[in-house]
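Have the sequence and the 3D view ready as you read.

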Amino acid sequence: MSVPVSGFSKLSKAQKIEWLTHSFCADPAAATALLDSWQHPDPAVQKIVDGFTENVVANFPLPFSIAPNFLINNKLYAVPMVIEESSVVAAASAAAKFWLDRGGFHTEVVDTVKLGQVHFRWPGAPERLRALFPQLKTALLDSTHDLTANMNQRGGGIRDIELLDFTAQEPRYYQLRASFETCDSMGANFINSVLERFADTLEHFFTELPGLSDTERDVDVVMSILSNYTPDCLVRAWVECPTASFESEIRSRGLDMNADELAERFAAAVRIATIDPYRATTHNKGIFNGIDAVVLATGNDFRAIEACGHTYAARDGQYRGLSRCAVRDSIFHFELEIPLAMGTVGGLTALHPLARLSLELLGRPSARELMQIVAAVGLAQNFAAVRSLVTTGIQQGHMKMHLTNILNHLGATDAESIAAQAHFSGQTVSFSAVRAFLEGERQKG
Ligand code: MEV
């Protein structure tokens, strides 16, 4: 049994690996060799990665892929995606290609408001606090000029501060809810610095303001932090085409339905996701397959984006699918409205060499443009998934992409892989079928 370690973070990387592998691995030499082989060959790059988090012992590779042919507002993009799931990039690329010939994706940013909160307790009367708030708000804004000067110059800064009273739910609990414009940066550090300054100012305000009772001086800041729920940092993406435009699709896939039926089934599937949270969760997972992959590739925070999207999906009290579909007068309209708080400067965006390259590939977009690209990819991914689900099912495409993983898992040689790809082009892929095929090949040879 291993023993707890103290001062682990202070050890060198080699010492960390030595302790780790000798404490937990059956074959420390093999584990060390593995970790050593997943270091970047350029020490300068590895140093950057080592700086991202504490206790880095190796890099964990994920595929960096491209979904080409994304026409978004008449501009063509090759979209970088970082994701391990086999069929996601293929599905996004297929959807992009489909819409390329049908006017592409249309997008608009609704707004870009980000939010932060100072949660505090105050024992005085709510009316008294409301009356003091205008004076407090001026003090809060005045106290942050040094922090906001730069952002103000870029056209951003603090947009407003509200006082919210939650004393009916929790005794003495109030909140300062501040809204921010952070331009091209995600803005987490900016917002959190401003909020912590607000917290100090709040405390000073109540200690120093003349004429308050001792009770009224007793303010208690519980915490100050940005909110990842940014319902007004919102973007819309949509596609539209005559339903007849599905004919070619139906022919090429040999589907047993007409174009209107396909459009109607698609719309029904999207409605089902707004009715049933179990389906909605999977439906939205499909949307986030695309969104997370681009968010990750561009060095943004996918946990923040996901947390926000899921809260938004439940904004009326029930968790629902994030996309909407309508078929009217033989026009198919499919859209996604989603909050996406993203940045194209600061954070990892410039630090991670591949995130930097992703942004270059996308033409160095502003945060607003990136929100639109990401929303379009989310919609494309959802389109591809639902289209498969209401026609052939997803396993056909999914298992075809998964074949490579199975072949790698079973240690297939290049020649065996080529033979398997040919064999399974017209067959259902399953793990056992691939194993049986390889055994047959090996017996032959
Ligand atoms: C798989 O990763 C995603 C799907 O399940 C999404 C969906 O069901 O809409 C195919």
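Glu85 and Lys285 form a salt bridge, with their closest N and O atoms 2.7 Å apart. Here a salt bridge is a side-chain nitrogen of Lys or Arg within 4 Å of a carboxyl oxygen of Asp or Glu. Glu85 sits in the loop between β2 (75-82) and α4 (88-100) while Lys285 belongs to helix α10 (residues 277-297), so the pair ties together parts that are 200 residues apart in sequence. Helices (H or I, at least four residues) and strands (E, at least two) are DSSP runs, numbered from the N terminus. Glu85 is partly exposed at 23% relative accessible area, and Lys285 is also partly exposed, at 41%. These words have cut-offs: buried means under 20% relative accessible area, exposed means over 50%, and partly exposed lies in between (1.4 Å probe, protein chains only).

Before going on, please note that this is a predicted model, in which local features need pLDDT of at least 70 and side-chain atom pairs count only at pLDDT 80 or more, while totals for chains, interfaces and linings use all residues. Residues are numbered from 1 along each chain as its sequence is written, and side-chain values use heavy atoms, with hydrogens and water left out.

How many salt bridges does the rule find? The count comes to 19. Three of them are set out here.

| Pair | N to O distance |
|---|---|
| Glu85 and Lys285 | 2.7 Å |
| Arg197 and Asp146 | 2.8 Å |
| Arg303 and Asp301 | 3.4 Å |

The side chains of Arg197 and Asp146 meet in one of these salt bridges. This pair links distant parts of the chain, with Arg197 in helix α7 (residues 188-208) and Asp146 in helix α6 (residues 145-153), 51 residues apart. Arg197 is partly exposed, with a relative accessible area of 24%, whereas Asp146 counts as exposed at 56%.

**The chain as a whole**

Now zoom out. The protein chain has 445 residues, of which 46% count as buried. Its secondary structure comes to 17 helices and 10 strands. Along its principal axes, the C-alpha trace spans about 95 × 70 × 40 Å.

Look next at β4 (114-121). Is this strand enclosed or open? Since 7 of the 8 residues of β4 are buried, the strand is largely enclosed by the rest of the structure. Two strands pair if DSSP finds at least two bridges between them. β4 runs antiparallel to strand β6 (residues 173-181), with 8 bridges joining the two. Within that pairing, His119 has Gln175 of β6 as its bridge partner. β4 also pairs with β7 in the antiparallel sense, over 7 bridges, and there Gln117 stands opposite Ile225 of β7.

**A hidden space**

Rolling a probe the size of a water molecule over the atoms shows where empty space is left. On a 1 Å grid over the protein atoms alone, a cavity is a set of points where a 1.4 Å probe fits but cannot get out, and lining residues have an atom within 4 Å of a point. Grid points are joined across faces, edges and corners, and a volume is the space filled by probe spheres set on the points.

A search of the whole structure finds 1 cavity of 30 Å³ or more. The volume of the largest cavity is about 50 Å³. Which residues line the largest cavity? They are Lys114, Leu115, Met186, Ile191, Leu226, Ser227, Asn228, Thr230 and Ala341. The strands β4 and β7 (220-227) each supply at least two residues of this lining. By type, the lining divides into 5 nonpolar, 3 polar and 1 charged (Ala, Val, Leu, Ile, Met, Phe, Trp, Tyr, Cys and Pro count as nonpolar, Asp, Glu, Lys and Arg as charged, and the others, Gly among them, as polar).

**Two residues in a loop**

Finally, visit the loop between β9 (323-328) and β10 (331-339), where Asp329 is found. Asp329 has a positive phi of about 50° although it is not a glycine, and it counts as exposed at 76% relative accessibility. Ser330 is found in the loop between β9 and β10 too. Its phi is positive at about 60°, and Ser330 is not a glycine either. At 44% relative accessibility, Ser330 is partly exposed.

Definitions and conventions:
On a 1 Å grid over the protein atoms alone, a cavity is a set of points where a 1.4 Å probe fits but cannot get out, and a pocket is an open set with protein on both sides within 12 Å along at least five of seven lines; lining residues have an atom within 4 Å of a point.
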